[in-house]
Amino acid sequence: MYLKEQPLDVAALLAGVRHSDGGVCVFLGVVRNENAGRPTEKIEYQAYGAMAESEIGRIAAGLAREWPDTQVAIRHRVGELSVGEVAVAIVASAPHRAEAFAACRAAIDRIKATVPIWKREFHPDGTTEWLDPSAATPSRSPTAPLPR
Amino acid sequence: MSVRVLYFASFRDVSGRQEEERPIPPGARVADLWRELVAEMPGLAASLTGSMPPAAVNAEYTGPETPLRDGDEVTFLPPVAGG
């Protein structure tokens, strides 16, 4: 399972990849305290669970084809996260650093592009918004009631 | 014939529901269902740039012309923001 409701254990993820390799690259996506100039109190990640699992699986399979000597581990949080918490963790282990960096970078870029996970920012003034990375500035419209 | 429609993120806020069963006419395609939903809930198309957001049938991305079958699980995806 790539999606986790509990804090991500980066040490365990690191321990899960090969240690005989020459280069291990770690990417951690962390909840920021602001976005586009607005302070953020916390973040909610919502996922279409079944599809997110299969999409990340598809991405992992693609990475394994493109970088056959590289081992990649991926975990993504769902639920409510505080500022500073790790939202996504990627570990890529390869015989040389170039492949480790490349596979790690490709993993996070592809996850952001297609995996059905959504991010809602909560602001100190009580407003919330679903982030739209495709928009130049975040959409401010759906800023009202919290879900049932 | 009916399909199950799942709503996420801003679409869940607009529709006020997480999922629903919807009767569909035989031969209906993904784009037909989207048009029907928008006619009922114009807010779904509020921040849309193209004619239809990405869609998934049974948890797989698919195109607007995909025919729907009885019991399909259909989702229209607001802009994803993982990572």
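Where is A:Arg105 found? I looked, and A:Arg105 sits in helix α3 (residues 97-114) of chain A; helices (H or I, at least four residues) and strands (E, at least two) are DSSP runs, numbered from the N terminus.

Notes on the model: it is predicted, so local features need pLDDT of at least 70 and side-chain atom pairs count only at pLDDT 80 or more, while totals for chains, interfaces and linings use all residues. Residues are numbered from 1 along each chain as its sequence is written, and chains are lettered from A and ligands numbered from 1 in the order in which they are written.

Back to A:Arg105. I asked why A:Arg105 counts as partly exposed: because it has 14 C-beta neighbours inside 10 Å (buried is 20 or more other C-beta atoms within 10 Å, exposed 12 or fewer, partly exposed in between, with C-beta atoms placed from the backbone). From A:Arg105 to A:Gly29 I get 12 Å, C-alpha to C-alpha, across 76 residues of sequence.

Next, the confidence (pLDDT, the predictor's own, per residue, from 0 to 100). Chain A has a mean pLDDT of 91, with 91% of its residues at 70 or more. I flagged residues 138-145 of chain A, where pLDDT stays under 50.

Then the contacts (C-beta atoms, placed from the backbone, within 7 Å). Leaving aside neighbours within four places in sequence, A:Ala52 is in contact with A:Leu3, A:Ala47, A:Val115, A:Pro116 and A:Ile117.

Last, the two chains. I found 18 residues of chain B in contact with 26 residues of chain A. On the chain B side, helix α1 (residues 9-15) gives the most, with four residues.

How values were computed
Contact = placed C-beta atoms within 7 Å.
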